[in-house]
Amino acid sequence: MASALRVLGIDPGLTRCGVGVVDVARDRSATLVHVGVIRSATDLPIERRLAAIAAGIRDILDEHRPQVVAVERVFAQQNRNTVMGTAQASGVALLLAAERGLPAATHTPSEVKAAVTGYGAADKLQVQTMVARVLRLDALPQPADAADALALALCHAWRRGPATPDAAGALTPAQRAWADAERAAARR
């Protein structure tokens, strides 16, 4: 895909860390490069779990050479242990991007949902369905962590600027809604 932006999306988690790499053209069309989940065993000490996640992310960086890394922004949850593990995995991802000299960005879950589905409170199935549609996949990306990573990558790439005027017909309804919202926000 000529002049495509290659984005690594990371849905951080200590047990399951979703990773997705997409190539996104200026017209916002996207192609799946890689999707998966990096797992760490719950019985390992925290430092070994974080090392396993780091090794998995390094492998993705080496194999797919993204130009930018997008990570889900950690938000407060009821379970303090869950948010701590998510924050630690997020920190590992951001550190690895910095070590490679790659720009990194964080996006909130509602920001990602709005970018992909047009609705900031979309459920997991809606996100998976739109990701599959945008990437022209035969099946929904599984598990949800992997779909979320792809959604993060798409959100980041689409936020880099509006679609080219001649590509308007190639946008999905959610992409058109997002581009319209970006234009309206810029006028304020």
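Predicted model: local features only at pLDDT ≥ 70, side-chain atom pairs only at ≥ 80, totals over all residues.

Residues are numbered from 1 along each chain as its sequence is written, and side-chain values use heavy atoms, with hydrogens and water left out.

Begin by selecting residues 109-117, helix H3, together with residues 124-134, helix H4, whose axes come within 9 Å and cross at roughly 45°. Helices here are DSSP runs of H or I with at least four residues, numbered from the N terminus, and axes are lines fitted to C-alpha atoms over the stretch in contact, with angles from 0 to 180 degrees between N-to-C directions.

Next, show the side chains of Lys113, Val116 and Thr117 in H3, which meet Gln126, Val127, Met130 and Val131 in H4 (contact means heavy atoms within 4.5 Å).

Staying in helix H4, select Gln128, which is buried with a relative accessible area of 8% (buried means under 20%, with a 1.4 Å probe and protein chains only). Not counting residues up to four places away in sequence, Gln128 touches Leu140, Pro141, Gln142, Pro143, Ala144 and Ala147, and the C-alpha atoms of Gln128 and Ala144, 16 residues apart along the chain, are separated by 7.1 Å.

Finally, move to His156 in helix H5, residues 144-158, which is buried at a relative accessible area of 15%. Leaving aside neighbours within four places in sequence, His156 is in contact with Val7, Val68, Ala70, Ala105 and His107.

Key. Helix = DSSP H or I, 4+ residues; strand = E, 2+ residues; numbered from the N terminus. Buried < 20%, exposed > 50% of the residue type's maximum accessible area, 1.4 Å probe, protein only.
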